[in-house]
Number of protein chains: 2
Amino acid sequence: MSAASRNGGSGAAAVAVATFEPLDDHPAYRQIANLIERRIVDRVLRTGDPLPSETDLARQFGVNRSTVREAIRELETHGLLGRGRGEKRLRVTRPEPGRVSTGVSRALALHDVTYLELWEAMMAIEPAAAEYAAARRTPAQLEELMRTGTRFARAMGDTGKAVSAVVDFFTTVAAASGNQVLALSQAPVNLLLEPSLSEIIDRVPQASERILEAQRRIIAAIKARRSEVARSWMGKHIQDFRRGYELAFPLRSHSEGRRHEKTAR
Amino acid sequence: MSAASRNGGSGAAAVAVATFEPLDDHPAYRQIANLIERRIVDRVLRTGDPLPSETDLARQFGVNRSTVREAIRELETHGLLGRGRGEKRLRVTRPEPGRVSTGVSRALALHDVTYLELWEAMMAIEPAAAEYAAARRTPAQLEELMRTGTRFARAMGDTGKAVSAVVDFFTTVAAASGNQVLALSQAPVNLLLEPSLSEIIDRVPQASERILEAQRRIIAAIKARRSEVARSWMGKHIQDFRRGYELAFPLRSHSEGRRHEKTAR
DNA sequence: GGGCGCAGAATTGTCGGACAGTCCGATTAT
DNA sequence: ATAATCGGACTGTCCGACAATTCTGCGCCC
């Protein structure tokens, strides 16, 4: 799509006067990937449908099986194809927000992202998610939410479990918001949250209690369908994260040097 | 989902009692992909570095070239590897937010997502992005922003160009926010925005003018570094989108049947 | 001395064929 | 009917090969 945005960085001005498209090459495996993706997006192949066998596809497309395989990898990592546990045949899958960004965020995860950035994004997204979750959560989602709450409560002492419970808490809230876009936007946050959060929990003694308290309030609000309460408590909750981070890493200046601190690792 | 991500500790301590894990399979190509990804994330291979040749990798990993190739596809579509125009060798790439979700959002894009969902997500993210953009934009970013503004102004009449200019406007604001996480979260929104937006522009005559006006205000605020003004105008701007949509598709009930309307296409 | 062009080496994209391990469905034995 | 069994269909992986293109070192010309 926005392939054009690639070259801009270097020297020459971003001018496009008489330039010709670089005419990207079309390796067969990419073309085939696109063809299949098209079929999926156009619902010719619908979610859950099994894909023809590789040999079949190879025959149909008139290419070698190896080529088909490369195409399949592409779709598979995009989350459009997947295979149930111990199942041989591929089937069309509805990609879940959690898998979305794996590559990209993972790349950012341990290096370039400052905690402030993460915090700002959470501050924008999570309260909204909580608000909608309160309005639209299903009973099942509520229950799941309460489960993750319990899981966190039980995880006291085990940082790993606690962190994972917190992450799941946010994921679940986002899912309960009934808003797929919000859930999608929220997804990267979780991946990035993990490392810093575990530092906070390790280094700030009172963190766990505060998180627990906030989660309780938020869950209660969502249960009671009090949108505004849920939003506002989620806001406070996130703000707490910032305080927690400042307590965990007291030396750094947050207002200015944002380009420099990295998330912990 | 995050089951695998816990590899760091590698402690076998997290024992379940009587249940056995399904023991996920480790196809070689996936393992190899992970190994390479690890090297990249750990900066052993740094951005811009060329990757060894496929034959080399095959030798190093002790597998066949075909297998390596499948692994490479995986990383390639994750955006971690790429190759400059007409270049043979792959090199390590820093994936940009724009590419992130291509597969996933594309899948949602034309089907399940209601406009309301999209709007809610934008309402959460864009004002925040505008606020930070006002605070932190660089001169270059400001200039680019003004260019996209101009591009939209010039695109009057050509829906395609107009839509693309609007999308770029949001992308640029997000980039100017200096917050990579926010930019990442905002990325899916753009892909989803396109179809509905073009309907709006086509069907609501005054839409273009209102967008233009809002963009002007927002850009002015960002230029003047007035964070609050930028945020508030961006909020109004997004709200306009909702009104625009309601004008474009007057029959649908937005408050209730959210699970049912699809974005146009 | 430095830029240029060219032949050969290196590399990618694709192909054909092959084989073990395994999953699925049908058949047969208990 | 339930359980054990068998054969076929697939996937994961490997080998070997070949055209097309890119990369590279080297000699050549200005």
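**Close-ups of a predicted protein–DNA model**

**View 1. What lies around DNA strand D.** By class, the surface near DNA strand D holds five nonpolar, seven polar and seven charged residues. Here nonpolar covers Ala, Val, Leu, Ile, Met, Phe, Trp, Tyr, Cys and Pro, charged covers Asp, Glu, Lys and Arg, and polar is everything else, Gly included. This is a predicted model, in which local features need pLDDT of at least 70, side-chain atom pairs count only at pLDDT 80 or more, and totals for chains, interfaces and linings use all residues. Residues are numbered from 1 along each chain as its sequence is written, with chains lettered from A and ligands numbered from 1 in the order written. In all, 19 residues surround DNA strand D, and the closest are S53(A), E54(A), A28(B), V63(B) and T67(B); "near" asks for a C-beta atom, placed from the backbone, within 6 Å. Two or more residues each come from helix 2 (54-61) and helix 3 (65-78) of chain A, and from helix 1 (28-41) and helix 3 (65-78) of chain B. Helices (H or I, at least four residues) and strands (E, at least two) are DSSP runs, numbered from the N terminus.

**View 2. Over to DNA strand C.** Helix 1 (28-41) and helix 3 of chain A, plus helix 2 (54-61) and helix 3 of chain B, each give two or more residues to the surface near DNA strand C. That surface splits into four nonpolar, seven polar and six charged residues.

**View 3. Chain A by itself.** Chain A has ten helices and two strands, running α-α-α-β-β-α-α-α-α-α-α-α along the sequence.
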